[in-house]
Amino acid sequence: RGAVRWLREQQDPNGRFGPAASSDFIYDHAIASYAMCEAYGLSGYSLLAPVAQRGIDYLQAHRNPYGAWRYQPRDGDNDTSVTCWAIMAMTSGRHWGLTVDSNALAMATTFLDSCTTPDGRCGYSRAGQPSARKVGDQETRFPAERTEALTAAGLFARFCLGQDPKEKDCMRAAADRLVAQRPNWDTKAGTIDHYYWYYGSYALFQIGGNAWREWSKALTPAVLKTQRTDGNANGSWDPIDAWGEDGGRVYSTAILALTLEAYFRYTRLVPAAK
């Protein structure tokens with residue numbers, strides 16, 4: 001209740017959660033909108049409905065005309081990472097009865113299609129482009145070729161949009177890519193990517209079958225066995241992944257807790273693949 005109350009207090013009159021103080025503030029807003037939609041829907045607390053709706057309205061106003069989302073409002077630039085968070089917020093809002101522009105989701109689908117290659121890889125802002133990395137230490141320690149984060153994000157977003165892997169070859173191909181690069185907590189190999197593991201877990205839970213079993217087997221040593229059990233860090237995860245310096249211990253702990261909730265967070269959005 002305290003967290004929901006705090007989020008409500010961070011919403012400005014135009015619906016945006018938090019200040020536009022950083023270049024990528026839309027991440028904050030999209031994730032906060034997603035959280036508020038879920039808080040409203042799962043609690044049934046009617047006073048949260050307008051708060052969640054204003055968050056969705058801002059997302060829809062931020063989107064590029066005839067396109068998807070990126071950092072600045074309506075600037076003509078799109079990327080898969082921001083777009084997938086927006087898709088999750090908007091499909092959650094739609095599920096709970098909020099007003100969502102169906103054309104926005106159709107345009108997001110078109111954008112994902114434009115970024116996806118026949119072998120299932122989803123690029124950052126165009127087909128074949130790897131996941132984003134900052135120039136310098138981050139790209140050296142966590143090479144983009146060690147992750148399929150955007151392929152995972154795009155695959156889960158397609159489930160949110162109601163697509164079925166039995167009808168979309170690229171979804172099955174994407175699942176194969178994820179299974180080929182399962183979670184591995186190796187501080188020297190540059191494979192630790194909590195963002196990837198979050199999306200990969202949700203996407204492959206939806207795929208089900210052997211793909212989910214193989215991923216889940218790797219998830220146990222990578223996540224359950226690396227949770228801290230000592231001192232003030234007890235219960236948390238160290239922020240030593242690709243985006244740990246940006247999000248810190250709270251980010252790593254939150255997103256890995258969510259990752260473990262993949263087992264029961266959603267029902268199957270489409271019938272499980274065999």
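Student: What volume does the second largest pocket have?

Tutor: Please keep in mind that this is a predicted model. The volume of the second largest pocket is about 330 Å³.

Student: Which residues lie closest to the centre of that second largest pocket?

Tutor: The closest are Thr 91, Ser 92, His 95, Tyr 266 and Leu 269, out of 15 residues that line the second largest pocket. Two or more lining residues come from each of α2, α4 and α7. The largest share is that of α4, with five residues.

Student: How many nonpolar, polar and charged residues are in that lining of the second largest pocket?

Tutor: The lining of the second largest pocket has eight nonpolar, four polar and three charged residues.

Student: And what about the largest pocket, what is its volume?

Tutor: The largest pocket has about 1600 Å³. Its lining consists of 45 residues, and those nearest the centre are Tyr 27, Asp 28, Ile 31, Trp 85 and Tyr 251.

Student: Which element gives the largest share of the lining of the largest pocket?

Tutor: That is α2, which supplies eleven residues. At least two residues each come from α1 (2-9), α2, α4, α7, α9 and α11 (244-260). By class, the lining of the largest pocket comprises 32 nonpolar, six polar and seven charged residues.

Student: Changing topic: how many aromatic pairs does the structure hold?

Tutor: There are 14 aromatic pairs in the structure. One of them joins Tyr 27 and Tyr 71, whose rings are 6.2 Å apart centre to centre with 50° between the planes, a tilted arrangement.

Student: Why does that pair tie together parts that are apart in sequence?

Tutor: Tyr 27 belongs to helix α2 (residues 25-43), while Tyr 71 is in the loop between α3 (49-62) and α4 (80-95), so the pair links parts 44 residues apart in sequence.

Student: Is Tyr 27 buried or exposed?

Tutor: Tyr 27 is buried, because its relative accessible area is 18% and the limit for buried is under 20%. Tyr 71 has 21% relative accessibility and therefore counts as partly exposed.

Student: Which kind of pair do Tyr 196 and Trp 215 form?

Tutor: Tyr 196 and Trp 215 form an edge-to-face pair, with 5.5 Å centre to centre and 80° between the planes. Helix α9 (residues 194-207) holds Tyr 196 and helix α10 (residues 209-223) holds Trp 215, so this pair ties together parts 19 residues apart in sequence. Tyr 196 is buried at 1% relative accessibility, and Trp 215 is buried with a relative accessible area of 0%.

Student: Which residues form the aromatic cluster?

Tutor: One aromatic cluster is formed by Trp 85, Phe 156, Tyr 195, Tyr 198, Tyr 199, Tyr 202 and Tyr 266. Tyr 266 also has Arg 265 over its face, 4.8 Å from the ring centre.

Student: What sits over the ring of Phe 25?

Tutor: The charged end of Arg 16 does, at 5.9 Å from the centre of the ring.

Student: Last topic: how much space lies in the largest cavity?

Tutor: The largest cavity holds about 50 Å³ of space, and the structure has one cavity of 30 Å³ or more. Its lining includes Thr 116, Cys 122, Arg 158 and Met 171. Two or more residues come from each of α7 (149-160) and α8 (169-180), and α7 gives the most, with four residues.

Conventions. Residues are numbered from 1 along each chain as its sequence is written. This is a predicted model: local features need pLDDT of at least 70, side-chain atom pairs count only at pLDDT 80 or more; totals for chains, interfaces and linings use all residues. Side-chain values use heavy atoms; hydrogens and water are left out. Rings of Phe, Tyr and Trp (its six-membered ring) pair if their centres lie within 6.5 Å; planes under 30 degrees apart count as stacked, over 60 as edge-to-face and the rest as tilted. Buried means under 20% relative accessible area, exposed over 50%, partly exposed in between (1.4 Å probe, protein chains only). A charge sits over a ring if NZ of Lys or CZ of Arg is within 6 Å of the ring centre and within 35 degrees of the ring normal. On a 1 Å grid over the protein atoms alone, a cavity is a set of points where a 1.4 Å probe fits but cannot get out, and a pocket is an open set with protein on both sides within 12 Å along at least five of seven lines; lining residues have an atom within 4 Å of a point. Grid points are joined across faces, edges and corners, and a volume is the space filled by probe spheres set on the points. Ala, Val, Leu, Ile, Met, Phe, Trp, Tyr, Cys and Pro count as nonpolar, Asp, Glu, Lys and Arg as charged, and the others, Gly among them, as polar.
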